[in-house]
Amino acid sequence: MALHLIKLCVGVESIDELETHVENRVARARRGGLSTEYTHTTRMTPTRVDDIIDGGSLYWVIKGQVQVRQPIMAIRPFTDGEGIKRCHIVLQPVLVRTVWQPRRAFQGWRYFKAEDAPADIPDSGSGEEQFPPDLRRELMELGLL
């Protein structure tokens with residue numbers, strides 16, 4: 001069973017904003033003739049790499065809710081120019097929206113078991129995923145979603 005990671009998406013207000021950021025980074029790399037591989041850099045390297053790259057995702061917490069995930073393709077430890085060990089988490093540049101799940105703030109990343117992860121939102125046409133984030137959050141707090 002795959003093991004996931006969960007991380008706060010600091011400074012991002014919505015899934016759309018994260019999507020724009022990912023698209024812009026990939027487009028900038030393509031224009032510059034660089035690799036379009038999308039990575040997120042962290043200081044700590046997961047020790048359970050084999051479990052994570054076997055179908056794991058990075059779940060993003062946006063404004064106190066797990067809202068979206070990105071499949072993890074690889075994890076590459078490296079040492080930066082100042083001698084500090086870091087890690088590139090190589091992600092597919094695709095965002096998969098999930099059922100929202102409340103999450104308190106924490107530092108860094110955490111392991112996230114598959115049984116604890118929220119389900120993906122299917123393209124059912126129900127329209128639920130199209131609600132503006134503030135309205136969606138309020139409806140969830142009222143128990144209507």
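**Reading helix 1**

Modeller: Strand 2 (38–42), strand 3, strand 4 (65–79) and strand 6 (96–102) are among the elements that cover the buried residues of helix 1. Keep in mind that this is a predicted model.

Colleague: How confident is the prediction in the protein chain, and where is confidence lowest and highest?

Modeller: The mean pLDDT is 89, and 86% of residues reach 70 or more. Confidence is lowest in helix 3 (residues 133–141), with a mean of 68, and highest in strand 3 (residues 57–62), at 98.

Colleague: In what order do the elements of the protein chain run?

Modeller: From the N terminus the order is β-α-β-α-β-β-β-β-β-α, with 3 helices and 7 strands in total.

Colleague: What span does helix 1 have, and what span is expected?

Modeller: Helix 1 covers residues 15–31, which is 17 residues. From first C-alpha to last it reaches 24 Å, close to the 24 Å expected at 1.5 Å a residue.

Colleague: Which residues of helix 1 are buried, and why do they lie on the same side?

Modeller: The general idea is that an α-helix has 3.6 residues a turn, so residues three or four places apart point the same way. In helix 1 the buried residues are Ile15, Leu18, Val22, Val26 and Ala29. They lie on the same side of helix 1 because they cover an arc of only 70 degrees around the axis.

Colleague: Which residues are exposed on the other side of helix 1?

Modeller: Glu23 and Arg31 are exposed there. Just after helix 1, Gly33 takes a positive phi of about 70 degrees.

Technical notes: Residues are numbered from 1 along each chain as its sequence is written. This is a predicted model: local features need pLDDT of at least 70, side-chain atom pairs count only at pLDDT 80 or more; totals for chains, interfaces and linings use all residues. Side-chain values use heavy atoms; hydrogens and water are left out. Helices (H or I, at least four residues) and strands (E, at least two) are DSSP runs, numbered from the N terminus. pLDDT is the predictor's confidence in each residue, from 0 to 100. The expected span of a helix is 1.5 Å times one less than its number of residues. Buried means under 20% relative accessible area, exposed over 50%, partly exposed in between (1.4 Å probe, protein chains only). The arc is that of the directions from the helix axis to the C-beta atoms. Contact means heavy atoms within 4.5 Å.
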